[in-house]
Protein chains: 2
Amino acid sequence: VTTSVEDPVDKERHSPSELREAWLVLSPMERAEGLRMLERTEAEDLFFEVDAADQADFLLLMPQADRRSWIRMLEPDDAADVIQASPYEQREGLLNLLDVKTRMEVTALLAYAEDDAGGLMNPRYARVRPDMTVDEAISYLRKQARERLMSIGEVYALDAEQHLLGVVSFPELFTAQTDKKVRDVMHPPTVTALEQMDQEALSNLFAQHDLLVVPVVDAKGCMKGIVTVDDIVHVVRQEATEDIQKFGGMEALDMPYLRINIGTMIKKRAGWLSALFLGEMLTATAMTYFEEEIARAVVLALFVPLIISSGGNAGSQASTLVVRAMALGELRLRDWFIVIRRELPSGLALGSVLGSIGFLRIFVWHFFTPIYGEHYMLVAMTVSASLVGVVLFGSLAGAMLPLVLKRLGFDPASASAPFVATLVDVTGLIIYFTVASVILYGTLL
Amino acid sequence: VTTSVEDPVDKERHSPSELREAWLVLSPMERAEGLRMLERTEAEDLFFEVDAADQADFLLLMPQADRRSWIRMLEPDDAADVIQASPYEQREGLLNLLDVKTRMEVTALLAYAEDDAGGLMNPRYARVRPDMTVDEAISYLRKQARERLMSIGEVYALDAEQHLLGVVSFPELFTAQTDKKVRDVMHPPTVTALEQMDQEALSNLFAQHDLLVVPVVDAKGCMKGIVTVDDIVHVVRQEATEDIQKFGGMEALDMPYLRINIGTMIKKRAGWLSALFLGEMLTATAMTYFEEEIARAVVLALFVPLIISSGGNAGSQASTLVVRAMALGELRLRDWFIVIRRELPSGLALGSVLGSIGFLRIFVWHFFTPIYGEHYMLVAMTVSASLVGVVLFGSLAGAMLPLVLKRLGFDPASASAPFVATLVDVTGLIIYFTVASVILYGTLL
């Protein structure tokens, strides 16, 4: 029977959807292999879908002779990304595969920082002169259509020095009277971005104005390119990922979790983890300072984790809220006083909730077990008063830390839950043992 | 001198940019007031910029007679958002201000869940029949241009039953030979979304395929509307905000930090904070269990915060990575074993780094202070061995928690840094005191 003999081609060939499914767990070699097995059009679809790092891997794994036709399919901004994602020594070679015009555009793009408006923009866009008639503009654009200039819906009217004078949408242009001048149907651009604009500010601009595309201009108002909203979707996702990872107490990985090399990932995690550990060592120092109190009243040690973690949790909530509000452009440095005015009552209220639960717990437990001793009421008061203080301090410190970091020129997103917790732990211990020495003086201490 | 007399109009009138600046800290009344002071076109620009909740506030604060002209400026999907953001008893009234056709569309949209593809889509889009000639299609579309159908760049070819047969871009249509049939220039839609598709899946679809617009169809392939990428930018930002806030250990606020009512915010924070507190109470129970050891060797108590927080921090890193990878669609439930294979070596390596630092610290300190006693080497070994165990456990628990939550039908983003820390704290205490009882048996214990 022939079915028992394995067909070597069938064995290796994956469907595009199988390949897409398995993509993240495949090695670059396996991916290149998989893509080669697909039909050209299927392979092209997948090639356009994956990110620049994968495209670079794929290009570099194929024979020199095949690279040209693949890299030339990319728009200049995408080609620039692929070249930026390639090892330094391969960049020149990839650049030389492009046609002269694209190579010049890509070289210009490579001069921008990757996360500036300039680094995100596409230098190809539909341009007309304001003194063309609508009819002339349409037939001029039709000739350019091959370059997919028009898929984004706007045409830009420039003078001879490339100053951006006006914008007209395709529907406006195509439905205007054909003998009118472009000047008469265009309108001034509502929003433009400077080429150095940071990608986070750029994404706030897109969100605020519901933009599909924004023209990028230099300081003199000369048009440089366009940034389209599909790139902004990637920016927003990437910025959120960076913030979330920083917020988890590490460096941003800049790569999918399943793809990053384990050694690199450990390095990115070890830095912050060690720094936090060194900071947290202060708790051991603080505890040493209160060693005598602990020896006299071991019952105090029992609540140490409970109290300091509550401060850390309250701080983590507050810093999360402030970091995110700052990233979305809702909150600026000078709003710090409004933040204090919100966190002061919140911290007091939250501290009172936890303080009451803590008080009840010790009070109720006392009827079942003798562990809290004869002075259980005083212990309960110590714990609940400390909780109010620690949660209040945690909320204020957590809310202020991102603002302080920003003021000092650091990324506010570094005010991570673990960072805040570390900061609050030491203070929490001091608050707790100070409250204890006041309330328990003459009884347990 | 007239300048000393304050002009009452000048005093109240703000420029659009001043109003935009101050927007977040103004009350709804002040906003409505500010908007009324602007020229109509300036006010309209600002009205289109703000979110649906603000638009609803503004509409409801103006006289009944003025509302109609404002709400009718909105596209059906935006009008639906405004109505959804209004108090229940006002919705009928606002709906009745719309023209009959829009009212029907909005009513249909209101039936969808807000965060489904159906709830995000615009039911107005450019449609043609496949058997029109290109010339007929263009003049048909020109007549519809008034409704801004065409700003998004794609035309959809439907049969009489509204089945989606093909897509053609405006540039393709306008540059085609005018006597060809639409059927000959259209191509099958590369991607469509089902009307029930969740907005997070939808935003992954947009990112993966670099889409500007996606047609929404029902189970029978009938076209329902389009979702445009500018809405997706909002979705991505909103989903990231929700995840980040959950990750900080609270419910998502669903409102900007500076705008949410303090009482509501406290409620959203108190729930998780109390739950975490109740969980953390287990540390007090665990500590009680080891009370005797602490009494015999108070030095052990000194390192409790250091050790449990290190486990929490390692866990927070791991859960952050896994939660984010799941949200981006990079990681699925069935990949759990790959995750373990990555976290096992990472946890061991990170634990060893912290263990070594901890060992060195106690060893070096011993030469300056006698606090660690004669058995300082054994104490150092206890602390560093515990750190390896706690960090390894933290990494594994942090990485698995989001997967377990997902499996149980909860949101993986609830695996917040504070949640993981609480989970790891109790186990960390048990690991620490168990290691201590083995290493210090016969000496300190």
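Student: Leaving aside neighbours within four places in sequence, which residues is Leu202(A) in contact with?

Tutor: This is a predicted model, and in it Leu202(A) is in contact with Ala117(A), Leu120(A), Ala193(A), Met197(A), Val214(A), Val227(A) and Ile232(A), with neighbours up to four places away left out. Leu202(A) is also among the residues with the most contacts inside the largest nonpolar core, which has 105 residues. Others named with it there include Val227(A), Tyr156(B) and Leu202(B).

Student: Which residues belong to the other core?

Tutor: That core lies apart and has 80 residues, among them Ala301(A), Ile307(A), Leu440(A) and Ala286(B). As a general background, nonpolar side chains tend to be buried together in soluble globular proteins.

Student: Why is Val134(A) called buried?

Tutor: The cut-off for buried is under 20% relative accessible area. Val134(A) has 0%, so Val134(A) is buried. Val134(A) lies in helix H11 (residues 134-144) of chain A and touches Leu173(A), Ala176(A), Gln177(A), Thr178(A), Lys180(A), Lys181(A) and Val185(A), not counting residues up to four places away in sequence. Asp184(A) is 50 residues from Val134(A) in sequence, and their C-alpha atoms are 9.3 Å apart in space.

Student: What makes Asp231(B) buried?

Tutor: The same test works here: Asp231(B) has a relative accessible area of 16%, and the cut-off is under 20%, so Asp231(B) is buried. Asp231(B) sits in helix H15 (residues 229-247) of chain B. Leaving aside neighbours within four places in sequence, Asp231(B) is in contact with Asp77(B) and Leu120(B).

Student: How do you know that Arg183(A) and Asp131(A) meet in a salt bridge?

Tutor: The rule asks for a nitrogen of Lys or Arg within 4 Å of a carboxyl oxygen of Asp or Glu. Here the N to O distance is 3.2 Å, so the pair of Arg183(A) and Asp131(A) qualifies. Arg183(A) lies in helix H13 (residues 182-185) of chain A and Asp131(A) in the loop between strand E1 (126-128) and H11, so the pair ties together parts that are 52 residues apart in sequence.

Student: What makes Asp335(A) buried and Arg332(A) partly exposed?

Tutor: Asp335(A) has 7%, which is under 20%, whereas Arg332(A) has 27%, which lies between the limits. Their side chains meet in a salt bridge at 3.7 Å, N to O. In chain B, Asp335(B) and Arg332(B) meet in a salt bridge at 3.6 Å, with Asp335(B) buried at 7% and Arg332(B) partly exposed at 27%.

Student: How much area do the two chains bury between them?

Tutor: Chain B and chain A bury about 10,200 Å², 68% of it on carbon and sulfur atoms. The contact involves 115 residues of chain B and 115 residues of chain A.

Key. Residues are numbered from 1 along each chain as its sequence is written. Chains are lettered from A and ligands numbered from 1 in the order in which they are written. This is a predicted model: local features need pLDDT of at least 70, side-chain atom pairs count only at pLDDT 80 or more; totals for chains, interfaces and linings use all residues. Side-chain values use heavy atoms; hydrogens and water are left out. Contact means heavy atoms within 4.5 Å. Buried area is the accessible area (1.4 Å probe) that two parts lose on being put together, summed over both. A nonpolar core is a set of buried Ala, Val, Leu, Ile, Met, Phe, Trp, Tyr and Cys residues joined through side-chain atoms within 4.5 Å. Buried means under 20% relative accessible area, exposed over 50%, partly exposed in between (1.4 Å probe, protein chains only). Helices (H or I, at least four residues) and strands (E, at least two) are DSSP runs, numbered from the N terminus.
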